[in-house]
Amino acid sequence: MSKIDYHRQTVIVTGASSGLGAEFARQLARRGANLVLVARRADRLQSLAAELTRAHGVTVTTVARDLGRPDAGRTLRTELESRGIHATGLVNNAGFGTHDAFTAEDPDRLQSMIALNVSALVDLSHAYIDPLTSADTGVLINVASLLGFQPTPYMSAYGATKAFVLNFTESLWEETRGTGLRVLAVCPGATRTEFYDVAGSSADYGTKRATPEQVVTIALDTLDRRSAPPSVVTNGRSLALLGRLLPRRSMVRLMGWMDRRQRPQHPVALTNS
Ligand SMILES: NC(=O)c1ccc[n+]([C@@H]2O[C@H](COP(=O)([O-])OP(=O)(O)OC[C@H]3O[C@@H](n4cnc5c(N)ncnc54)[C@H](OP(=O)(O)O)[C@@H]3O)[C@@H](O)[C@H]2O)c1
């Protein structure tokens, strides 16, 4: 297998109204893909659709939708197919995080996060796995995170959703090997998007954040490789490596220390030991 020809493909991109999702849409359109853009903010989706159609002559459909429902994937597929739209690619990118001590987290927001980051992603993947597998070159990209490789104190539930996405996606990579489907878990480190504002985070990553363009370029180039791996860390690889080398106790302590250091107004930890 080699470089993907996106010209006859229709790719769904979730969370396309900002950040990494908007950049996936831009780079896929540049590569010739027709697109279905999904997120809640209709105005942003429509202006991106107009920009991409004008610049690349591709067909772009927008779906303004809250994906945080258990049947989000099945409903979307039924609706799109009733309009004659048969997707051959899916970028499960929509997601958000919360950044606080677990005791201070809003339980409803935690449930919404798990519904979007985990349940919607699984439902969409399941709804589309058959058509994607039978396509000449189907594409399934799930956006996990660098934080999926180790425990993440103060982002405890968010990191766990991304560990789920990483392991789930790598399992699908193995299950679908030998079919026309290419599967990739994308694991970005800190990236300049609206993510940290939405998470209500005061963490200061200074200039260390990657751009969405850098992350998405690495993701799509990786998927183009003859023998693409099940996952790719796009930036901050040393942390993922540390997570494999250090004992788990040391790693979780290190992650807690790093978070406290990055946030001057850090909430008090439950224990000091
Ligand atoms: N930025 C980072 O440092 C970083 C690092 C690792 C992984 N990631 C992951 O990258 C992915 C994209 O995040 P981003 O950094 O690009 O952040 P972002 O700029 O905040 O984008 C998040 C996208 O998700 C959409 N979304 C949120 N809730 C939704 C819902 N209920 N239904 C449908 N769409 C929803 C948002 O659109 P609407 O608000 O219009 O619905 C938006 O388009 C996420 O999965 C995130 O966990 C980000």
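Hi everyone, let me start with a pair of side chains: the charged end of Arg77 sits over the ring of Tyr128, 5.8 Å from the centre of that ring. Before going on, please keep in mind that this is a predicted model.

So where do those two residues belong? Arg77 is in helix α3, Tyr128 is in helix α4, and both take part in the contact of these helices. Helix α3 covers residues 72-82 and helix α4 covers residues 107-134. Their axes come within 6 Å and cross at roughly 45°. On the α3 side, the meeting residues are Ala72, Gly73, Arg74, Leu76, Arg77 and Leu80. On the α4 side, they are Ala120, Asp123, Leu124, Ala127, Tyr128 and Pro131. Sorted by class, this contact has eight nonpolar residues, one polar residue and three charged ones.

Let's stay with α4 and turn to another partner, α5. How do α4 and α5 pack, and at what angle? The angle is about 10°, and the axes are 10 Å apart. The cut-off for roughly parallel is under 35 degrees, and α4 and α5 are therefore roughly parallel to each other. From α4, the residues in this contact include Leu110, Met113, Ile114 and Asn117. From α5, they include Tyr158, Phe164, Val165 and Phe168. The classes here are twelve nonpolar, three polar and one charged.

A pair of aromatic rings is described by the distance of the centres and the angle of the planes. How many aromatic pairs does a search of the whole structure find? It finds three. Take Tyr158 and Phe195: the ring centres are 5.2 Å apart and the planes are at 55°, so this pair is tilted. Tyr158 is in helix α5, residues 156-175, while Phe195 is in helix α6, residues 195-198. The two are 37 residues apart, and the pair links distant parts of the chain. Are they buried or exposed? Both Tyr158 and Phe195 are buried. Together with Tyr196, they form one aromatic cluster.

Now for another pair, Phe164 with Phe168. This one is stacked, with 5.8 Å from centre to centre and 20° between the planes. Both residues lie in helix α5, four residues apart, which is about one turn of the helix. Phe164 has a relative accessible area of 35%, so it is partly exposed.

Next, a stop in the loop between β5 and α5, where you can find both Leu146 and Tyr154. Most residues other than glycine have a negative phi. Tyr154, however, has a positive value, with phi near 75°. Its relative accessibility is 10%, so Tyr154 counts as buried.

Leu146 is buried too, with a relative accessible area of 7%. What is Leu146 in contact with, leaving aside its neighbours within four places in sequence? The list is Cys187, Pro188, Gly189, Val233, Asn235, Gly236, Leu239 and Ala240. Leu146 and Thr234 are 88 residues apart in sequence, yet their C-alpha atoms are 8.4 Å apart in space.

Along with Leu242 and Gly243 in α8, Leu239 meets Met251, Leu254, Met255 and Met258 in α9. Helix α8 is residues 237-245 and helix α9 is residues 248-262; their axes come within 9 Å and cross at roughly 145°. This contact divides into six nonpolar residues, one polar and no charged.

Thr10 is in strand β1, residues 10-14. With 16% relative accessibility, under the 20% cut-off, Thr10 counts as buried. Apart from its neighbours within four places in sequence, Thr10 is in contact with Asn34, Val36, Ile85, His86, Ala87, Thr88 and Gly89.

And then there is Arg192, in the loop between β6 and α6. Arg192 has 45% relative accessibility, so it counts as partly exposed. Arg192 and Ala22 are 170 residues apart along the chain, and 13 Å separates their C-alpha atoms.

Key:
Residues numbered from 1 in each chain as written. Predicted model: local features only at pLDDT ≥ 70, side-chain atom pairs only at ≥ 80, totals over all residues. Heavy atoms only, no water. Axes fitted to C-alpha atoms, helices over the stretch in contact; angles between N-to-C directions. Contact = heavy atoms within 4.5 Å. Nonpolar A, V, L, I, M, F, W, Y, C, P; charged D, E, K, R; others polar. Phe/Tyr/Trp six-rings, centres within 6.5 Å; stacked < 30°, edge-to-face > 60°. Buried < 20%, exposed > 50% of the residue type's maximum accessible area, 1.4 Å probe, protein only. Lys NZ or Arg CZ within 6 Å of the ring centre and 35° of its normal. Parallel < 35°, antiparallel > 145°, perpendicular 65-115°, else oblique.
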